[in-house]
Amino acid sequence: MSDVRADGKQKDVKGSPLSEIGRRWSLVGKIFRDRQVDRKHLSADSSGYAEQSSTVVFESFQLVKSEVVEEDNSECCWKRHWLSINANGDKGTNVEREVSVMVRHLTGPIMFEELLKFNNTGNVCVWPAEEVLAFYLLKSQSKFTGKSVIELGGGMTCLAGLLLAAAVKCDRVMLTDGSDESISNLQLTLERNSHLKTQDVKSRLLRWDYVEDESFSDLKEQFDHVISADCLFFDEFRSHLAHTIATVLKPRGEALIIAPKRGHSFDDFVSICRSDRFKPLFSSVEVDSHFDAYIYKLSEYGSRSMV
Ligand SMILES: C[S@@+](CC[C@H](N)C(=O)[O-])C[C@H]1O[C@@H](n2cnc3c(N)ncnc32)[C@H](O)[C@@H]1O
């Protein structure tokens, strides 16, 4: 378990803050290695992947297309993302709905001091689970019309929540993360997206371990839907995340959490949600690795279990 210092930085009670940084580096390194394996698989299978890779920024599954449209300072770029939805699982051939947003995507090497900050995993890249979440939401658009939606741990783009807001007239969409860097980036992104169908779209810093603070009392039981992608791998935050979900959801609200299995992290989260502590709060906790036939095919292919 970790505690949080007065300055907001984490300190591992088992070791020094430096050991925490080492843990993050090794996690990021491992994930990048995993992703390279996925890319090799993809390039072996999908014609066109190789020549696209010079402009591909983060698409692991090629569910969204991105194109750099504008440079922004030396270390970051504006990119335009086109999302193609495949209705019948026949990749790339049957575009049912297309929606576009501009996202500010941080690029460039990560500075050592950046890793000293709270958590920069959402500023390293857009992770495959976020792409899958976006794809899934856009396939299920009608479910969200007129509803209030909050994305937790959406990272520097909150791509899934943003694309949902672009495509659907929700009552409101709130894009959140625990990293200041991500939230500043999201603010700039929202300023560039005036065309979203949802009128009320905001970004906000939300740390799961602080959700009981007075400053978050306005979020209590406010949302019909929680969405979140790849937020389960930090041992010290899984129960805080479950608590945050229970706190912000309206009675009979629904949370959709997409994450790779990644060791024990997914199962651990499910156990927490099914534990005596959360039983009175979550009426059911369902795990579904076949939630979408097309995604299931991709995840099998990449040796990845999406649930
Ligand atoms: C692997 S990233 C995933 C980001 C994004 N969902 C994606 O898939 O690209 C995990 C995210 O969880 C956020 N996070 C981690 N611990 C958190 C906490 N205690 N409170 C709020 N956000 C947290 C990080 O800032 C980061 O953006």
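**Helix packing and other details**

Reply: Let's start with a helix pair: H5 passes H6 in a right-handed crossing. Right-handed here is for a near helix turned clockwise from the far one by less than a right angle, and left-handed is for anticlockwise. Helices (H or I, at least four residues) and strands (E, at least two) are DSSP runs, numbered from the N terminus. One caveat: this is a predicted model, where local features need pLDDT of at least 70, side-chain atom pairs count only at pLDDT 80 or more, and totals for chains, interfaces and linings use all residues. Residues are numbered from 1 along each chain as its sequence is written.

Me: OK, at what angle do H5 and H6 pack, and how far apart are the axes?

Reply: About 20 degrees, with the axes of H5 and H6 8 Å apart. Axes are lines fitted to C-alpha atoms, for helices over the stretch in contact, and angles run from 0 to 180 degrees between N-to-C directions. That makes H5 roughly parallel to H6. The classes go like this: under 35 degrees is roughly parallel, over 145 roughly antiparallel, 65 to 115 roughly perpendicular, and the rest oblique.

Me: Which residues of H5 and H6 meet?

Reply: From H5 you have Glu 130, Leu 133, Ala 134, Leu 137 and Leu 138, and they meet Leu 159, Ala 160, Leu 163, Leu 164 and Ala 167 in H6. Contact means C-beta atoms, placed from the backbone, within 7 Å. By class, the H5 contact with H6 has 9 nonpolar residues, no polar ones and 1 charged. Ala, Val, Leu, Ile, Met, Phe, Trp, Tyr, Cys and Pro count as nonpolar, Asp, Glu, Lys and Arg as charged, and the others, Gly among them, as polar.

Me: And how many residues of H6 are buried?

Reply: 9 of the 9 residues of H6 (159-167) are buried, so the helix is largely enclosed by the rest of the structure. Buried means 20 or more other C-beta atoms within 10 Å of a residue's own, exposed means 12 or fewer, and partly exposed is in between, with C-beta atoms placed from the backbone. Across the 307 residues of the protein chain, 37% count as buried.

Me: Switching topic: which residues are closest to the ligand?

Reply: Gly 122, Glu 130, Gly 153, Gly 155 and Gly 178 are the closest of the 23 residues around the ligand. The elements giving two or more residues to that shell are helix H4 (121-124) and helix H5 (128-139). The shell splits into 8 nonpolar, 10 polar and 5 charged residues.

Me: What about H8 and H9, how do they pack?

Reply: H8 (residues 238-248) and H9 (residues 265-274) pack at about 50 degrees, with axes 10 Å apart. H8 and H9 are therefore oblique to each other. Their crossing is right-handed. H8 brings Arg 238, Ser 239 and Ala 242 to the contact, while H9 brings Asp 268, Phe 269, Ile 272 and Cys 273. That contact has 4 nonpolar, 1 polar and 2 charged residues.

Me: Last one. Where is Lys 197, and what does Lys 197 touch?

Reply: Lys 197 is in the loop between helix H7 (180-191) and E8. Not counting residues up to four places away in sequence, Lys 197 touches Ala 165, Ala 166, Ala 167, Val 168 and Lys 169. Its C-alpha atom is 9.8 Å from that of Leu 163, 34 residues apart along the chain. Lys 197 counts as partly exposed, with 16 C-beta neighbours inside 10 Å.

How values were computed: A residue is near a molecule or strand if its C-beta atom, placed from the backbone, lies within 6 Å of it. Two residues are in contact if their C-beta atoms, placed from the backbone, lie within 7 Å.
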